[in-house]
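Below is a briefing on a two-chain model, grouped by topic. Please read it alongside the sequence and the coordinates.

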Amino acid sequence: MSPIVKKKGEKFTLPGKYLLFILTLLCTGLIVITFNTNFLSEPVSAVGGSLIAPLQEGVSKAGSWIANRSEELVQIRSLLEENAELKAQIDELTMENIRLQQGRYELTNLRELYDLDAQYDEYEKLGARIIAKDSGNWFHSFVINKGSNDGLQIDMNVMAGSGLVGRIVDVGPNWSKVMSIIDDNAKTSGMVLSTSDNLIVCGDLELYADGLISFEKLIDSADRVVEGDKIVTSHISDKYLPGILIGYIFSINVDSNNLTKSGLITPAVDFEHLEEVLVVTQLKQTAGESD
Amino acid sequence: MRRFIVSVFMIVICFLFQTTVFQGIDFGGIVPNLMIVLTASFGFMRGERTGLIMGFACGFLADVFFGNVLGLNAMIYMYIGYANGKFNRIFYQEDIKLPLGLILLSDLAYGFLYYITLFLMRGRFNIGYYFMHIILPEVVYTILVTLLLYPLVLWINKKLEELEKRSARKFV
């Protein structure tokens, strides 16, 4: 007799293996749909997010309080040492600052001459707080506490301090999900500031523990790019606004094809201790828009 | 009905803790997998059906928030819950070895399945690195947390069963 035939007076329940089969089909369907299109993620995220995000915000506050207290205890000793070091550095930096201010004065003049006013100092920004991080240990995306109600949209750039963090990939009414540039499947089009050579910045899980990200496809036949050069987002990126600082070159290798170079970058942002981020509320203009 | 509400409550609590509080008290960037503990324990405590439903719910929640595709985590968790349900027959509440072993295996299986589907498929072949730096630390941390979390889950389950028995007697 088939196990799904109902006996008299018995409450109907679907046996495990049938349920497993049905749900497997459902999952496969969902995977195929969401892999190829984008139309399901919005309603599901909106419902799930509006229920969970407020809770996450509350618990997150408690969590960061605990983390801060425990870290304080551990770090007091090292902080004292660091304090002395930093004081020495302040003196150095003050000197450097004076030099830079002179440089800046010159730069402003030159910029006026060239009419280059599109620097990212002038991008409209909105502060947001991180309320949850990826539930697994494999990727490095996180959720922030602002969403479409605050005017955020998919593909808006996210910064922290002066460096690039990532971009928004999912938006709910009061939350949005950010994929960081160090995420294992993130690829960002970048550019060496000093020489304007383009390269691709790729996140890599294997480098995450060292606090580095890698880059590839740098064409630099004149060997002008050196370690320590600034990497910023490029003009040809279709998601990122140009000129946002990504990091500094840590090492360069020539690829086996002898044409391109690859290597490692130290990111400008401390991804380990992110708490607040800035969302640039301006989208990159792409071809086809009449903006 | 009571069981349903309690289960939903537990999933949400675990998910919240995993994504928030535990991100603050991580060891070397590794966070324990509370939801695999929940899925596995409900699997071997209540059988295949509960295990797979619980797994599906946990995985789906993770997918909605952090998945690149909807349904992948749900599927992995669901199969883990179902497989754990197979051990329901040899499960005794007094014995802690079987639950610990099963949760350990479940987390290992989760790590490998996740690696295969999302990393191996993109040509990341360095399995040794991922095993030593992600999968193994996660398993160890998860087992440590299990020692605290599992008795709680067991206790809740026992209370629920007592309540169900009592109300069943009342209606007879």
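Helix α3 of chain B, residues 34-46, has 13 residues and reaches 18 Å from its first C-alpha to its last, close to the 18 Å expected at 1.5 Å a residue; the expected span is 1.5 Å times one less than the number of residues in the helix. This is a predicted model, in which local features need pLDDT of at least 70, side-chain atom pairs count only at pLDDT 80 or more, and totals for chains, interfaces and linings use all residues. Residues are numbered from 1 along each chain as its sequence is written, while chains are lettered from A and ligands numbered from 1 in the order in which they are written. Helices (H or I, at least four residues) and strands (E, at least two) are DSSP runs, numbered from the N terminus.

**Helices of chain B**

- α3(B) is mostly covered, with 13 of its 13 residues buried; a residue is buried if 20 or more other C-beta atoms lie within 10 Å of its own, exposed if 12 or fewer, and partly exposed in between, with C-beta atoms placed from the backbone.
- After α3(B) comes B:Gly47, which has a positive phi, near 105°.
- Two packed helices are described by the angle between their axes and the distance between the axes.
- α1(B) and α3(B) pack at an angle of about 155°, and their axes are 8 Å apart; axes are lines fitted to C-alpha atoms, for helices over the stretch in contact, and angles run from 0 to 180 degrees between N-to-C directions.
- α1(B) and α3(B) are therefore roughly antiparallel to each other, a label for angles over 145 degrees, with under 35 counting as roughly parallel, 65 to 115 as roughly perpendicular and the rest as oblique.
- On the α1(B) side, B:Met10, B:Ile11, B:Cys14, B:Phe15, B:Phe17 and B:Gln18 meet B:Leu34, B:Met35 and B:Leu38 of α3(B); residues are in contact if their C-beta atoms, placed from the backbone, lie within 7 Å.
- By class, this contact of α1(B) with α3(B) has eight nonpolar, one polar and no charged residues; Ala, Val, Leu, Ile, Met, Phe, Trp, Tyr, Cys and Pro count as nonpolar, Asp, Glu, Lys and Arg as charged, and the others, Gly among them, as polar.
- α5(B) has 14 residues and reaches 20 Å from first to last C-alpha, close to the 20 Å expected at 1.5 Å a residue.
- Since 14 of the 14 residues of α5(B) are buried, α5(B) is largely enclosed by the rest of the structure.

**Interface between the chains**

- In chain B, 37 residues are in contact with 38 residues of chain A.
- The elements giving two or more residues to the chain B side are α1 (2-19), α2 (21-24), α4 (48-66), α5 (72-85), α6 (97-118) and α7 (127-171) of chain B.
- α4(B) gives the most to that side, with eight residues.
- The residues on the side of chain B that touches chain A divide into 24 nonpolar, nine polar and four charged.

**Chain A overall and its helices**

- Chain A has three helices and twelve strands, and buried residues make up 32% of its 291 residues.
- Among contacts in chain A between residues at least 6 apart in sequence, 55% join residues at least 24 apart.
- Helix α1 of chain A (residues 16-36) has 21 residues and reaches 30 Å from its first C-alpha to its last, close to the 30 Å expected at 1.5 Å a residue.
- Buried residues in α1(A) are A:Leu20, A:Leu23, A:Cys27, A:Leu30, A:Ile31 and A:Thr34.
- They cover an arc of only 100° around the axis, which puts them on the same side of α1(A); the arc is that of the directions from the helix axis to the C-beta atoms.
- The face of α1(A) turned away from its buried side carries exposed residues, including A:Tyr18, A:Phe21 and A:Ile22.
- A:Gln89 lies in helix α2 (residues 41-114) of chain A and is exposed, with 12 other C-beta atoms within 10 Å.

**Strand and loop residues of chain A**

- A:Arg167 lies in strand β4 (residues 163-171) and is buried, with 22 other C-beta atoms within 10 Å.
- Leaving aside neighbours within four places in sequence, the contacts of A:Arg167 include A:Asp155, A:Val178 and A:Tyr240.
- A:Asp155 lies in the loop between β2 (141-144) and β3 (157-160) of chain A, and its phi is near 80°, a positive value in a residue other than glycine.
- A:Asp223, in the loop between β8 (213-219) and β9 (230-233) of chain A, has a positive phi of about 55°.

Terms used: Two residues are in contact if their C-beta atoms, placed from the backbone, lie within 7 Å.
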